[in-house]
Amino acid sequence: MIKQLYSIIRLEEAIQTMEAGADNIGLVPMQKGGVPAHRVPLYRVDQIFDECKKRNVNLVAIMLTNDPEEMLDLARRIQPNILHIAGDEYAADEEFARRLKEVAPHTALMQAVLVDNHSAVERAKKFDPFVDYILLDSGLAPDTGIGASGLTHDWSIDAEIVRSVKARVIEAGGMGPDNVAEAIRQIRPYGVDSLTKTSFKYDGGDMEKNIPAVKAFCENADKAARELGL
Ligand SMILES: O=C(O)c1ccccc1N[C@@H]1O[C@H](COP(=O)(O)O)[C@@H](O)[C@H]1O
């Protein structure tokens, strides 16, 4: 079971999060979109990525900008393992997927899908032919994008999406040590993702990973997956 942990800001917390069991480290590289306090300067993205490579952990770069040219520039510059598109006004299409392969041949494409009602199944199916991952998430804030709400949604829709698509599905939205095992039992995703419930959030938008919560999240996810033979 892949455990994806957002939203890393500092080098030391990145290392601690990997040592606590993360398989994927998610962050917001400096860009037009997103909360200023969450954005990571590119020199530090490089430092974090170097530590990821030493530990065989994937770097996931979230795109909250709605400008595909900016996304492709960032992909070219960073060459992350995964590019996660979560802007509120731009979603990947086949042309974007083709251009991403040109500028970053080893970067996988992850598209966030807002699971607000049953129409999310059709939206996920539309992305399926040209993305590597579909991330199912809750909440849509116009100034940031899909996610970071700390809220869950109707998991029966997610379970239907997992059965309907070939892309790897990462389950997000209000996931934490308390509910990750039940989510895995109900949805059977490829991976699970957490931000709010595994972070301390401070005034002004600053955040920090809560390492004991990250460890509990990873352990509970792995235990549930083992019990289910996933
Ligand atoms: O990572 C961020 O800073 C971020 C900002 C704006 C939108 C989405 C963002 N991250 C994604 O949202 C999920 C779910 O968050 P939560 O656990 O419900 O708080 C997060 O893990 C990222 O995939």
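**A guided look inside**

Visitor: Leaving aside neighbours within four places in sequence, which residues is Ile-161 in contact with?
Guide: Two residues are in contact if their C-beta atoms, placed from the backbone, lie within 7 Å. With neighbours up to four places away in sequence set aside, Ile-161 has these partners: Ala-120, Val-121, Ala-124, Ile-134, Leu-136 and Val-169.

Visitor: Before we go on, how should I read the numbering, and what kind of model is this?
Guide: Residues are numbered from 1 along each chain as its sequence is written. Local features need pLDDT of at least 70, side-chain atom pairs count only at pLDDT 80 or more, and totals for chains, interfaces and linings use all residues, since the model is predicted.

Visitor: Is Ile-161 buried or exposed?
Guide: Ile-161 sits in helix H6, residues 155-164; helices (H or I, at least four residues) and strands (E, at least two) are DSSP runs numbered from the N terminus. A residue is buried if 20 or more other C-beta atoms lie within 10 Å of its own, exposed if 12 or fewer and partly exposed in between, with C-beta atoms placed from the backbone. Ile-161 has 24 other C-beta atoms within 10 Å, so it is buried.

Visitor: Which residues have the most contacts inside the largest nonpolar core?
Guide: In soluble globular proteins, nonpolar side chains tend to be buried together. A nonpolar core is a set of buried Ala, Val, Leu, Ile, Met, Phe, Trp, Tyr and Cys residues joined through C-beta atoms within 7 Å. The largest one here has 71 residues, and those with the most contacts inside it are Ile-25, Ile-48, Leu-83, Val-113, Ile-134, Leu-135 and Ile-184.

Visitor: Which residues come nearest to the ligand?
Guide: A residue counts as near a molecule if its C-beta atom, placed from the backbone, lies within 6 Å of it. Strands S2 (24-29), S7 (133-137) and S11 (191-194) each supply at least two residues of the shell around the ligand. Of the 25 residues around the ligand, the nearest are Tyr-6, Ser-7, Gly-147, Leu-195 and Thr-196.

Visitor: How do the residues of that shell divide into nonpolar, polar and charged?
Guide: Ala, Val, Leu, Ile, Met, Phe, Trp, Tyr, Cys and Pro count as nonpolar, Asp, Glu, Lys and Arg as charged, and the others, Gly among them, as polar. By that rule the shell around the ligand has 10 nonpolar, 13 polar and two charged.

Visitor: What is omega for the peptide bond from Tyr-6 to Ser-7?
Guide: Ser-7 lies in the loop between strand S1 (2-5) and helix H1 (11-19). The peptide bond that leads from Tyr-6 to Ser-7 is cis, with omega near -10 degrees.

Visitor: Is Ala-148 buried or exposed?
Guide: Ala-148 is in the loop between strand S9 (145-146) and H6, and although not a glycine, Ala-148 has a positive phi of about 60 degrees. Ala-148 has 27 C-beta neighbours inside 10 Å, so it counts as buried.

Visitor: In S11, which residue is the bridge partner of Ile-170?
Guide: Two strands pair if DSSP finds at least two bridges between them. S7 and strand S10 (residues 168-171) run parallel, joined by four bridges, and S10 pairs with S11 in the parallel sense over two bridges. Ile-170 in S10 is the bridge partner of Leu-135. In S11, the partner of Ile-170 is Gly-191.

Visitor: Which residue in S5 does Ile-62 stand opposite?
Guide: Strand S4 (residues 58-63) pairs with S5 in the parallel sense over four bridges. From S5 (residues 82-85), Ile-82 and His-84 point one way and Leu-83 and Ile-85 the other way, and all are buried. The residue opposite Ile-62 is His-84.
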